[in-house]
Amino acid sequence: SPPQFVSVEELMETAKGVTNMVLAHEIVVNGGFQIKPAELPENSLEKRVRDIVHKAFWDCLEAQLKEDPPSYDHAIKLVGEIKEALLSFLLPGHTRLRNQITEALDLELIKQEAENGALDISKLAEFIIGMMGTLCAPARDEEIKKLKEIHEIVPLFRAIFSVLDMMKVDMANFAVSSIRPHLMQQSVEYERKKFQELYEKQPNSLAFVTEWLQGAADDLRAKLPPAVGDAAASSSRTPSLCPLAVQNHAYLKLLRWNHLQKPFPETVLMDQTRFQEMQLELDQLILIGAVLLVTFNAAGTALSGLPGFTDKLKTATRVLLTGLHLPSFNLAEALATVSEKVCAEVNGCLSQHGFTPFTLEKEAVLKGQIQALANPDNSICKLIDSRTQTFLESYLASGYQKSIPAIPGGLGPIQRELEEIAVKYIRLVNYNKMVFSPYYDAVLSNILNKEGTARLQGTLEDH
């Protein structure tokens, strides 16, 4: 179809819609989402300009307060800003606190006191700090305590604004956690609506989704037992693919995606980074699991039950495999170092608990087995990978049930880490299904109906 041209206004509106959708999506799927204060890069032009402007402002305030008599113009403006900030932290039911702030920080009255030389800045600061202590999160109690130890007016005002900025971030994060349950209900409809708008403007918006689901269907079709006997009879007996099974297998394929060579499906594009991170975590975990499996096979049951030893090996191996996916990473060298470290830890632990340490020959065998894990066709790695996929597939098939499936044999040492990844993965997949299931159903219906028609056509032509 010919390209459709859009106006700048339409483009800006779309960009705004996408930004809002991405933010809502992030809040819903990321349980740890938090707003963080903006920090300008060190030595950047923006930071230098900001620091110069701030210094000029505080220098001006200090100069005004040192005049005889002192000038309070800047100070009163700051009190007004502090008053607005304190009022912004209040909830609708905080009537008493609202009245206290409005009364104590009455700017007209403060101006009159300043003109008559009766303004007590320290008393105002004391009230402000007390009110901040009432309204702040417990995590900020230490900062409030430090404010009470500052006695010079200018440094005190600077510190007050710094803590108020922290409180604003705390308040924003509290609001995020409060709206998350409500946002979950609305975000599904919102994302689906936005995607539908995109789909209506660009009907080929499901091209990569179709390719992705077709690939999953082809994979599962290849695993079906071959048809035997009479063509017509066997065709009718050939089991048809379950749409849900195809969809679940498609989600598993996202954890083995070639991100450099293959476009990511449109409906999971917002979560591409998350899937990629989980893919990297799983790859490293599979290697760690393989190292532990060959180690405990060599050491027997003597060490596997010792508290803390498995975690010690895991930590050491994980550190040595850091950067596994960087082009410069040398897996063979890293595993050689891992094998040395593992043998040292195993021998140390065996000796400590009264067992016989490995002989040099047994050490050489274990080191060889660990170093052999660098081979992409290594049977131990393939076994751990296969069982990991089986575990994730079982979890997907269990739908929205809360319980986690049993861990397959051999994965016990990495169970905790695998379950942590699985929980993140399933949360992401289930949310994606809620948003895009109507599109998946339509695409899969088309794919599977075509396959069924093709099989029937082939049967008719054979007769």
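A contact here means heavy atoms within 4.5 Å. Helices (H or I, at least four residues) and strands (E, at least two) are DSSP runs, numbered from the N terminus. This is a predicted model, in which local features need pLDDT of at least 70, side-chain atom pairs count only at pLDDT 80 or more, and totals for chains, interfaces and linings use all residues. Residues are numbered from 1 along each chain as its sequence is written, and side-chain values use heavy atoms, with hydrogens and water left out.

**The overall picture**

The protein chain has 18 helices and 0 strands. Of its 463 residues, 38% count as buried (under 20% relative accessible area; exposed is over 50%, partly exposed in between, with a 1.4 Å probe and protein chains only). Take the contacts between residues at least 6 apart in sequence: 70% of them join residues at least 24 apart.

Let's start with the loop between α2 and α3, where P69 sits. A cis peptide bond joins D68 and P69, with omega at about 0 degrees.

Then comes α3 itself, residues 73–88.

**Empty space**

Rolling a probe the size of a water molecule over the atoms shows where empty space is left. On a 1 Å grid over the protein atoms alone, a cavity is a set of points where a 1.4 Å probe fits but cannot get out, while a pocket is an open set with protein on both sides within 12 Å along at least five of seven lines; lining residues have an atom within 4 Å of a point. Grid points are joined across faces, edges and corners, and a volume is the space filled by probe spheres set on the points.

The second largest pocket comes to about 600 Å³. Of the 18 residues that line this pocket, R50, H54, F161, S162 and D165 are the closest to its centre. Elements α2, α3 and α8 each give two or more residues to the lining, and α8 gives the most, with 8 residues. By class, the lining has 10 nonpolar, 2 polar and 6 charged residues (Ala, Val, Leu, Ile, Met, Phe, Trp, Tyr, Cys and Pro are nonpolar, Asp, Glu, Lys and Arg charged, and the others, Gly among them, polar).

As for cavities of 30 Å³ or more, the count is 1. The largest cavity has a volume of about 40 Å³, and its lining is F208, E211, W212, W257, K262, P263, F264 and P265. That lining divides into 6 nonpolar, no polar and 2 charged residues.

**A few single residues**

| Residue | Relative accessibility | Class |
|---|---|---|
| T317 | 1% | buried |
| C136 | 11% | buried |
| C242 | 43% | partly exposed |
| S379 | 55% | exposed |

T317 belongs to helix α14 (residues 309–320). Leaving out residues up to four places away in sequence, T317 touches I288, V291, V338 and V342.

S379 lies in helix α17 (residues 379–397).

How values were computed: Expected span 1.5 Å × (residues − 1).
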